[in-house]
Amino acid sequence: MAKKRIQNRVGDIYYVTLEDGARIYLQYVAIDTEQLYSPVIRVFKRKYLPYEEASLEEVVCGEVLFYAHTSLRIAAREGWWKKVGSSKNLGNLDDIKFRLYSEGNTNHLTVSHKWYVWTINQKYIHIGDLVGEYKTYSMGFVYPPYAVYQKIITGKYPFHELK
């Protein structure tokens, strides 16, 4: 039997089920041409208890926990999250800011002096040291879905990151 192909479109909404049965929602909001044409998701902060019904329009108006680049196809295929609907409300894409360092092998480092920042589909800007509001920008690496799941659970990606 042929597998059904999963189509992901900007606006699609998904949920992640936590260990206690609660759900966290996320939405596919853009493709970032500056970061490998990777899908960008926004993960919402509010946890919905197992018995709560979530209005998708209420979900997409909620507070954003973080933004991330990831593979939606792998996430769906491996069951990291499940698609539940779609919304045209994508938030303000100009407010989505990313940061990224360019150091090569970072295992021996704790601080980078080669930081770049950007807004979706805009050119990188080299800023040098990570200071001020740039520290609040989301990390711009393309993360595997399991790493996004780990960040939802623990608040941190499971990789060594520089300051």
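This is a predicted model: local features need pLDDT of at least 70, side-chain atom pairs count only at pLDDT 80 or more; totals for chains, interfaces and linings use all residues.
Six strands form an open sheet with mixed pairing, in the order β5-β1-β2-β3-β4-β10. The two edges are taken by β5 (82-86) and β10 (142-143), each of which has a single partner strand, so one side of each is left without a neighbour in the sheet. Further in, β1 (residues 12-17) pairs with β2 in the antiparallel sense, and five bridges join the two.

Is Ser38 buried or exposed? With a relative accessible area of 4%, Ser38 is buried, because the limit for that class is under 20%. Setting aside neighbours within four places in sequence, the contacts of Ser38 are Ala30, Ile31, Asp32, His69, Thr70 and Val142.

Helix α3 (residues 145-154) lies across β1, β2, β3, β4 and β10, and the angle at which α3 runs to β4 is about 165°. Which residues of α3 are buried? They are Pro145, Ala147, Val148, Tyr149, Lys151 and Ile152. As a general rule, an α-helix has 3.6 residues a turn, so residues three or four places apart point the same way. The cover over the buried residues of α3 includes β1, β2, β3, β4 and β10, and also α2 (72-78). After α3 comes Gly155, which has a positive phi near 85°.

A separate pair of strands is found in β7 (115-119) and β8 (125-128). β7 and β8 run antiparallel and are joined by three bridges. Trp115 has Gly128, in β8, as its bridge partner. The hairpin made by β7 and β8 has five residues between the strands, and in this hairpin Asn121 takes a positive phi near 65°.

The chain then continues into the loop between β8 and β9 (138-139), where Asp129 is placed. Asp129 has a relative accessible area of 39% and is therefore partly exposed. Not counting residues up to four places away in sequence, Asp129 touches Ser112, His113 and Trp115. The C-alpha atom of Asp129 is separated by 8.6 Å from that of Val111, and these two residues are 18 residues apart along the chain.

How many salt bridges does the count come to? The count is five. One of them joins the side chains of Glu34 and Lys123, at 3.7 Å from N to O. This pair links distant parts of the chain, 89 residues apart: Glu34 is in the loop between β2 and β3, and Lys123 is in the loop between β7 and β8. Lys123 is exposed, because its relative accessible area is 62% and the exposed class begins over 50%.

A second salt bridge joins Lys45 and Glu63, whose closest N and O atoms are 3.6 Å apart. Lys45 lies in strand β3 and Glu63 in the loop between α1 (56-60) and β4 (64-70), so this pair ties together parts that are 18 residues apart in sequence. Lys45 is partly exposed at 45% relative accessible area, whereas Glu63, at 54%, counts as exposed.

Arg46 takes part in another salt bridge, with Glu52, where the closest N and O atoms are 2.6 Å apart. Both residues count as partly exposed: Arg46 has 38% relative accessibility, and Glu52 has 27%. Arg46 and Glu52 also belong to a network of salt bridges that includes Glu58.

Which residues make a nonpolar surface patch of about 300 Å²? Val10, Ile31 and Tyr37 make this patch. Tyr37 is placed in the loop between β2 (23-32) and β3 (38-48), and at 59% relative accessibility Tyr37 counts as exposed.

How values were computed: Residues are numbered from 1 along each chain as its sequence is written. Side-chain values use heavy atoms; hydrogens and water are left out. Patches are made of residues with over 30% relative accessible area and no salt bridge: like charges are joined within 9 Å, nonpolar side chains (Val, Leu, Ile, Met, Phe, Trp, Tyr) within 5 Å. Accessible areas come from the Shrake-Rupley method with a 1.4 Å probe; for residues, only the protein chains shown count as cover. A salt bridge is a side-chain nitrogen of Lys or Arg within 4 Å of a carboxyl oxygen of Asp or Glu. Helices (H or I, at least four residues) and strands (E, at least two) are DSSP runs, numbered from the N terminus. Buried means under 20% relative accessible area, exposed over 50%, partly exposed in between (1.4 Å probe, protein chains only). Two strands pair if DSSP finds at least two bridges between them. Contact means heavy atoms within 4.5 Å. Axes are lines fitted to C-alpha atoms, for helices over the stretch in contact, and angles run from 0 to 180 degrees between N-to-C directions.
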